[in-house]
Amino acid sequence: MIELKHITKVYGNFKALDDVSVTIRDGEIYGIVGQSGAGKSTLVRCINMLEPPTTGEVLINGKDMMKLSKAELRSERKGIGMIFQHFNLLSSRTVAGNIAFPLELANVPKAEQKKRIDDILEMVGLTEYKDKYPAKLSGGQKQRVGIARAIVSNPSVLLSDEATSALDPETVKSILQLLKDINKKLGITIIMITHQMEVIKEIAERVAVIEHGRIIEEGSVVDLFTNPQTPTLKKFVGSVMSSEVPEQLSHMDIHADKENADDQTVLSLSFRGDVANEPIIANLIKKYNLDVSILYGSIDYIQNVSFGRLIITIIGDDSDMQEALSHLKSLPITSEVLGYVSSH
Ligand SMILES: Nc1ncnc2c1ncn2[C@@H]1O[C@H](COP(=O)(O)OP(=O)(O)O)[C@@H](O)[C@H]1O
Ligand SMILES: [Mg+2]
C-alpha cells in the first residue's frame, strides 16, 4: 500500500502540491488526472523521492520513505519502476541492452539477465526486435521497451508519467492493454499519471483529480464519471463522455428560460446501468402524468459498467413537473434541465 499523507511541495514561494493525501491499494491501477501544470509529475516524483516533499509523509507498505538513509532509499526504489512520455531510452544501446541496464546496476548474473530479458521481451511482444536500436522503433515499440526496462527487476509498483501522451490513439490502446495485462499477470500496482481522460476511462479503477496542486475529487472511476462534482471534472468527463447537447440535436432551438407556458422542458439523464433499475421513463409518464419524448439516447462503457444517457423532453402540469424533477434528484442518476423548446 502507498500512502501519501498531507504532502506539500514548495518551490521558492510557489506551492506545487498543497496538502495532498492519497492511498493506493496493492495491485490496483490508480489514475491521477489533471491539466498541464497541475502538479502530477511533482506528485509522482514524491512517491519515489526523486523530489522529496517539503512536508508530509510518504509511506510504502508502512515504511516512511522520508526517514530512509540513502542506501535504504536506493534499495526501496528497486521496487518502483517508472515509465515516461518520451521513453528515455539509451540510443546507443539495443532493445536488449536497454532492458539489461537496471539488471547490470543490480549486479544480476549474466545468465539470469539473459533469461529475464528473454521472458520480458516475450511479454511485451518485442522478441524479434531484441538487437535493434531505438532509432529503428516506432513510438509504441519504444514505450514497450520502456515498460520492459521498468518491470524487468520485478518491481511491485509501476509509475507511469504521461506514458501514452506521445502516442497515436491506436497505439495508446495497445499500450494500455499491455499495462492491464502486466497488472493482472504480475500483480504490479500501477499509478497512471495523465492529462488524458480516455486513459483513465480505459484503465483506472480509482482516480484522483488534481488541480493547482490539490486533489479536488477522488474515488472510483465509475462513480466519478457518472457523478462529477467539480467544473474541472465535469469538463474532463465531457471530453470522453460528452455531456454537451449532442450534435444530432444542434438544430433545436433550446433556450435557457421558459418563453411560453407550453414550452417543453429538455432534460438530460445520465445513469449507471447497474444502478438505474427503476423504470424511470415509465414512472415519469405514469406517476407524474407527463408526456415524454426521447430525443437522444446513448450507451457507453467504462471498463465493464454501462453508462447510459438520455435526452428527453417532458411536458405537463407545473406541479407534476416539479415533483417529477425532485423525484429524479432522489435517484442515483444525474439529471439536468438543459433548457426549453417551444412546442409547434
Ligand atoms: N523544479 C521545479 N522548480 C520550480 N517549479 C517547478 C519545478 N517543478 C515543477 N514546478 C512547477 O510546479 C507546477 C507543477 O508542475 P508539474 O508537477 O510538472 O505539473 P504536471 O505534471 O501536472 O504538468 C508547475 O507550475 C511547474 O512549473
Ligand atoms: Mg507532468
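User: What must be found before two strands are said to pair?
Analyst: Two strands pair if DSSP finds at least two bridges between them. Strands are DSSP runs of E with at least two residues, and helices are runs of H or I with at least four, numbered from the N terminus. In this predicted model, local features need pLDDT of at least 70, side-chain atom pairs count only at pLDDT 80 or more, and totals for chains, interfaces and linings use all residues. Residues are numbered from 1 along each chain as its sequence is written.

User: Where does I210 stand?
Analyst: I210 stands opposite I215 in β10. Strands β9 and β10 pair in the antiparallel sense over six bridges. The two form a hairpin with two residues between them, and H212 in the turn has a positive phi of about 45 degrees.

User: In which sense do β3 and β9 pair?
Analyst: Strand β3 (residues 29-33) pairs with strand β9 (residues 206-211) in the parallel sense, over four bridges. G31 is opposite V207 in β9, and V33 has V209 as its bridge partner there.

User: What is the order of the strands in the open sheet?
Analyst: The six strands follow the order β6-β7-β8-β3-β9-β10, with mixed pairing. Because β6 (80-84) and β10 (214-220) are at the edges with a single partner strand each, one side of each has no neighbour in the sheet.

User: Is β9 mostly covered or exposed?
Analyst: Strand β9 is mostly covered, with five of its six residues buried; buried means under 20% relative accessible area, exposed over 50%, and partly exposed in between (1.4 Å probe, protein chains only).

Notes: Chains lettered and ligands numbered in written order. Heavy atoms only, no water.
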